[in-house]
Amino acid sequence: MKPHEPRYACIHGHFYQPPRENPWLEAVEVEDSAAPYHDWNERIAAECYAANAAARLQTSEGRLTAIVCNYERISFNFGPTLLTWMEKADPATYRAILEADRASVARLGGHGNAIAQAYNHVILPLASPRDRATQVRWGKADFEKRFGREPEGMWLPEAAVDTPTLEALAEEGMRFAILSPRQAEAVALPDDDEWTAVDEHSLDPAAAYRCELPSGREVALFFYDGPMAQAIAFGGLLYDGGAFAGRLADLAATADPDAGPRLAHVATDGESYGHHHRFGDMALAYALRRLEEEGVEPVNYARFLELSPPRRRVRIRERSSWSCFHGVERWRADCGCKTGGPAHWSQAWRGALRGALDGLKERLDAVFEGHGGRVLADPWAARDAYVRVVLDRSPASVDAFLAEQGKGTLDPAGQVAALRALEMQRNGMLMFTSCGWFFDDMAGLEAVQVMKYACRAARLGAALSGEDLEGPLVRALAAGRSNQPGEGDGESIYRRRVQPLAVDLRRVAAHHAITRMLEADSTDERDVYAYAVRRLEGSSAEHGGTRLVTGRFRVTSRLTRDSTEVALAMLYFGGHDFRCGVRADGSPGDYRELRRALFETFDRRSLSDVVTTLERHFSGDEWFSLRDAFLEERRGILDCVVHDTLQTFRTAHLRFYREHGRLLGYLAEANYPLPDAFRSAAAYGLAREAEVVVERLARAAGEDGATETLREDAHRLAAQALEWGVRVTDEPLRRKLTEAVLRQIRRFGEEPSAAPLAALHALLDLGRDLGVDFDLWRVQNDAFGILTEPSWPSRIASADEEARIGVLESAMRLGDRLHFVLERVSRG
C-alpha cells in the first residue's frame, strides 16, 4: 500500500428484535423472564440500544473522558417493528438514532449510516413473490418515514438471499446488500467470462462486487470478514477494544494494487455491543476512536461505493444465509443448526410449524383475493400501500387510504371488511417472523409468538369470509412436538398458550368494566389498548361490600373499525372475585329490562337471587372473570388485592425497626448474628426511612439548615446500617434515589449554585453508606453534559468570589465522585 493511500473501515450492526406485541392489543405485555425490566425489548434497549447512543470512553483507571454516539460512526439497520416500539417506549434513544444518521449524511457526502431492513424479518427466499415484494416495500417505506430520505441499501433478514430476493431489492432502488463470505459462489473480472469458484476462505472480503441480475438490473454486494465477525460474536474480541481496532486496522492495511480502495468491514448482530457482551458498546466506542487515530476512516457502504464502484462480478449461493450452514433449512427443517439445549433435542417441529403456516397463508390469500377484492380496487396494491396506515393510524390517515384504495365509496361495513382483510394480511406476514424457527423448541417464546399472529390472522379471515381457517391450522400444528416434558404437541401448545389470549369486543368490554371497578376514573370514553370503549348508559349500587354494576357500551376496534354495542352486568364481591356477563347486539330496551330486574333483586339484599337473575340472562361464553382481564391490569388489580396483606407485613417490619433499634444495636455490639427475620425488618425499615430523606433532599431548594438536617438524618441511617451489618438492596429506594439525583443535577444545570450540589453530595453519601446503587449511567449522562459545558461557571448564581470558588470546588468533587476525568470538568 502506498504510504498515504487512504484506508477505510466499516462496522455494521444489525439491530433487531422480533415483534413481541400481543396481536389483539398491539402492546408488548410484561415478560417475567426479562426482570427487572418490563419486557425483553426494554431490557435490551437499556443494555444495548441506549448504551450505544451514549457510549463511554474511559481511561485505564475507569475515568470517563467522553460520551459518544456510536451510531454516528458505524453502519446500522434497525428492524422497523423494533423502531415502532422504541418510538413510544424509549423516545430519547429513538431520537439519538435518527440524529446520528443525519450527522453521518452531513459527514459522508450525503450518504447516511442507516440502511433499511425487510419489514418484519421474514426469510425472503421462503416467502411468496408477493410477500417478498411487500416486505421490501414496507421496509423501504418505514425507513423513509423515519429517516426522511430514501435508503441506499437493505439488510436481508438472516442475510438470506436468492436471485428473486435481489431482484426485489433492485426493483425498489436498493443499491447494495451485505452477505456473509460463504454466500459467494464465484467471481469474475468485469469483461471476463471465466468464473472462479470461491468460498469463505478464498473470497476477498475487502472489495465490493457487482451481482448482475436476469432482469438487467444489478446490485452491489459486500461480503463481510467472516473470522472477525466470529471473533466479535463468539470469540471474546469485545473484551479488548484495542485488539478490536487493531484487527480491523490490519485488514484495512492489506493491499491489492490492482483493486483500488479497499474496505475492511464486518457485520454482526448489533446486540453484540452491550447485550450479548456486557460493555461491548464501550469496546466499540474505543475501537472507533483508535481506528481514526491510526488513520483509518470509518465510512459506510454507500460512501464506499461512491469512492470505489465495484468492478468484479459475483454469483451468489442460492438460498443461503449467514446463520445456517445448510442454506435456509433452519427455518423449515431439522437441519442440525441450533442455539443450545440438550443434544437429544429434535427440531423436527420446524417443518410442522412451517407447513402449518404455509397452509394457512394459502387460505388467507384466497380469502383476501375473494373477499378483499369485493371492497378493494386492487387488493395486492392496497396491501403494499397499507404500510402508510401501519405508520399512521389516525382516522384521517385511514380515511384517506380507504378513499384511495377502496372499490368506490365504502360504507361502514365495507370499511370494516377492507380493514379486516388488510389486518389479516399484516398478521399473516408477521407470523413468518424468522425467530419463530431460529431457536430450539416449539414451546419457546418466539415460536409461540408466531402462532399468536397465525391465530389472529385466522380469526380475522374467518370474520371476513365465514370459513373455518383455524381448524386446519390446529390440526397441522399437531404434527410438531415440543422437546420439553409436559408441553406436548403443537396443537396442545396452541390451545394452552395461544387461544386463551384471543380477544373479541365482549372481552374488551368486560376488561374495561373490571378494571374500572377499582379506579376513580368516571369518563364516558376511554382507549383500551387497540380499542375504544364508550359508555352509553350505566348504573351501580353497593350493599354489604358487594357492588352491582350494569352498563351499555359501544366497543370499537381502532384497527378494523369493527364495532358493537354490548349490555353488561357485573357483581363484585371484593378481592379478586368478579362475575361479569356481557351480551352483544342487544337492544337498549333489553338492557333496561335487565337493569330493572337486577336492581330490584339487589335492593331486596338477596345475593343468591341476584346471581340467579344474572344466570338467567347470561350463559356460556358470555361469562367473564378477572382471569379474562388483560395481563397488565390483571396484575394491577391483584396488587390492590394483596396490598392490605402486604401492608400488614410492612407495618410490622417498620414497627419492629422503630421499636427495637436498641436491641439490634446491642446484638450487633455483642457480636450476635442477627436472625434473618430481624435483618429483613431492619433493611425494610432503613429503606423506608431513607425514602423520606431522599424525597426531602430531592425537593431541597437551598435552605442550608434544612439540607444540613437532612444530611444528619442520612448519616444516622448510614450509621445504623453499618452497625447492624445490613445492606439495603431495595429497588423502590434505588429508583427514588436515582430520580432525586437527576432532579438536583438538572437544577444545577439550570442555575449553578451551592444548594443543589449540597443536596447531591448528601444523596450520594446516603446511597454509598446504605449500599444502594443508583443508576450511574443515567446520572453520568446528565452530569457529564453539564459539567463539561464550557460556559456553566460563568452562570454561577453568586457575586461573592469565595462562594463562587466553593461552587467550583464542589462541582469538581461531584465530577470526581462520578468518575469523570477532572480535566474535562469546566472551570471557567
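Let's start at H761: setting aside neighbours within four places in sequence, H761 is in contact (heavy atoms within 4.5 Å) with R711, S810, R813, L814 and R817. This is a predicted model, in which local features need pLDDT of at least 70 and side-chain atom pairs count only at pLDDT 80 or more, while totals for chains, interfaces and linings use all residues. Residues are numbered from 1 along each chain as its sequence is written, and side-chain values use heavy atoms, with hydrogens and water left out.

H761 sits in helix α27 (residues 754–770); helices here are DSSP runs of H or I with at least four residues, strands are runs of E with at least two, and both are numbered from the N terminus. With a relative accessible area of 3%, H761 is buried. Buried means under 20% relative accessible area, exposed over 50%, and partly exposed in between, using a 1.4 Å probe and protein chains only.

Now turn to strand β17 (residues 546–557). Nine of its 12 residues are buried, so β17 is largely enclosed by the rest of the structure.

On one side, β17 pairs with β16 (residues 531–543) in the antiparallel sense over 12 bridges; two strands pair if DSSP finds at least two bridges between them. Along this pairing, G538 stands opposite G551 in β17. Two residues lie between the strands of this hairpin, and G544 in the turn has a positive phi of about 55 degrees.

β17 also pairs with β18 (residues 563–574), again antiparallel, over 10 bridges. Here R554 faces E565 in β18 as its opposite residue. The hairpin of β17 and β18 has five residues between the strands, and R561 takes a positive phi near 65 degrees.
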